[in-house]
Amino acid sequence: MRLLALAIILGTTAVVTSVAATAERGGGPGTALAIGFALIAASLTGELFERFRLPRISGYLFFGVVCGPYASAILTPAMARELQVVNGVAIALIAFIAGLEINFVRLRPQLRAMLTMGGVMIALMWVSLTVLFFIAWRWLPIAPDVVGLPRLALAMLVATVTVSFSPTVSIAVITESRARGPLSELVLALVVLADLMLILLFTLSMEGVRFALGSGQAGHGILSGLAWEIFGSFAFGGIVGACFAFYLRYVRREVTIVLLGVAILLSQVGGALHFEPLLAALGAGLVVENIAPPEGDALRLAVERGALPILVLFFAAAGANLHLGALAEVGVFAVAIAALRMALIHATAKVGARVAGLGGEPPALAWMGLVSQAGVTLGLAILINAEFPDWGGKLYALIVSMITLHETIGPILFRAALTRAGEVGRMDLETGEHRTPVVETPA
């Protein structure tokens, strides 16, 4: 019945899209059609994936890729772009959920070891990739004629973007799996640390490229910019989180509507002030969870249910906007670099766990939660392409191809790791609730 319903929805939308295209009609109806179609069809696809013990997120992504403008074209390019209207709110909600999952009292015994493992992993991966990219630069389809200091600067920049993980995908897999335990907490700590270090490395690498290519003044405002983006983001999120915690403690009415307003505030106002929305929302969630624990727990359960339609649209849009043509152009290089990245994640996770003194199954499985790449990595590639259009477009195509591979493989690997660790559904067991479906199939 689910397959039949999905086939009917796909066929109906394809006909409507074709008729609208023939009549050269667009605008508002296209947005409404795209959102409604994605909510229903992607939800059904995610449910079908779950029946095969695969993450629902993979189903949402698969729906976006197959129905997007670069495959079957049921979603037109305009409709695919319009689905991205929820991106900022979705990232804020996902990061807010992550903050609600990080309880310092619970994590304190192993927090230092987690940070040590993450620092060792990122440092080893970044240095290894920088050296390898520098040596093999002439064969990479970016700017093969560059030599000397510019080559080193570009190798550092490409290594930084390649190393990056995906907090949004990793956290979303934990959320939709209703997972809790040592592996979930370790992966959360690692992806948050990686995002902080990524901002630092990317800023420094971009300044290095500007200096090496003679297109800017290195060192101008680096420290102040980093302080504003990292510490300012956390401060802004902390203030918003404190106000929200106060509201939860003394008002507790229309929490879903107020939460949506908080997400918009964190993503839109924070972005306008040059804060990192991911870090700001993470800080807000941390404040709510650690300052008002009872209200924070109740909110977390409400968020996980109320945010699910937003997550469906977010990952469906991510799949629809993946340019499959880029994979064909630089597919061999993308596959090679993706395989190298996965091997380095696996190897450095072992070294990092040994240095940190972490043993057992969770550290051994943690690498499977770090494969995904998504919005943050794509955003960095867009920034590079905008500032250096002569070679940035080639790097953008390579990064998009890698993201396509990592978004396909990463959620499946992480869900398998959570299942093997016995953490899937444990969140409901600890809260005494029965597991609820991740997305209600619309009537």
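Arg138 lies over the face of Trp139, 5.6 Å from the ring centre. A charge counts as over a ring if NZ of Lys or CZ of Arg is within 6 Å of the ring centre and within 35 degrees of the ring normal. Arg151 is likewise placed over the face of Phe134, at 5.5 Å from the ring centre. The structure is a predicted model, in which local features need pLDDT of at least 70, side-chain atom pairs count only at pLDDT 80 or more, and totals for chains, interfaces and linings use all residues. Residues are numbered from 1 along each chain as its sequence is written, and side-chain values use heavy atoms, with hydrogens and water left out.

Confidence is given as pLDDT, the predictor's confidence in each residue, from 0 to 100. The chain has a mean pLDDT of 78, and 83% of its residues reach 70 or more. Residues 25-29 have pLDDT below 50, and this stretch has 2 contacts in the model beyond near neighbours in sequence. Residues 433-443 also have pLDDT below 50, but with 28 contacts beyond near neighbours in sequence. Contact means heavy atoms within 4.5 Å.

The chain holds 21 helices and 0 strands. Both are DSSP runs numbered from the N terminus: helices are H or I with at least four residues, strands are E with at least two. Of the 443 residues, 53% count as buried. Buried means under 20% relative accessible area, exposed over 50%, and partly exposed in between (1.4 Å probe, protein chains only). Among contacts between residues at least 6 apart in sequence, 83% join residues at least 24 apart.

The largest nonpolar core has 138 residues. Such a core is a set of buried Ala, Val, Leu, Ile, Met, Phe, Trp, Tyr and Cys residues joined through side-chain atoms within 4.5 Å. Phe63, Met117, Leu266, Phe315, Ile384 and Trp391 have the most contacts inside the core. Helix α10 (residues 182-213) gives the most to this core, with 16 residues. Beyond neighbours within four places in sequence, Phe315 contacts Ile57, Tyr60, Leu61, Ile94, Thr168, Val169 and Ala172.

The chain has 5 aromatic pairs. One of them is stacked: Phe388 and Trp391 lie 5.0 Å apart, centre to centre, with 20° between the planes. Rings of Phe, Tyr and Trp (its six-membered ring) pair if their centres lie within 6.5 Å; planes under 30 degrees apart count as stacked, over 60 as edge-to-face and the rest as tilted. Phe388 and Trp391 are both buried.

Three further residues were examined. Ser184 is in helix α10 and counts as buried, at 3% relative accessibility. Ser184 touches Ile174, Ala179, Leu418 and Glu423, leaving out residues up to four places away in sequence. Ala318 is in helix α15 (residues 308-320). Ala318 is partly exposed, at 21% relative accessibility. Its contacts, neighbours within four places in sequence aside, are with Leu61 and Glu407. Ala318 and Asn87 are 231 residues apart in sequence, yet 9.0 Å apart in space, C-alpha to C-alpha. Ala73 is in the loop between α3 (56-67) and α4 (77-82). Phi of Ala73 is near 65°, a positive value in a residue other than glycine. Ala73 is partly exposed, with a relative accessible area of 38%.
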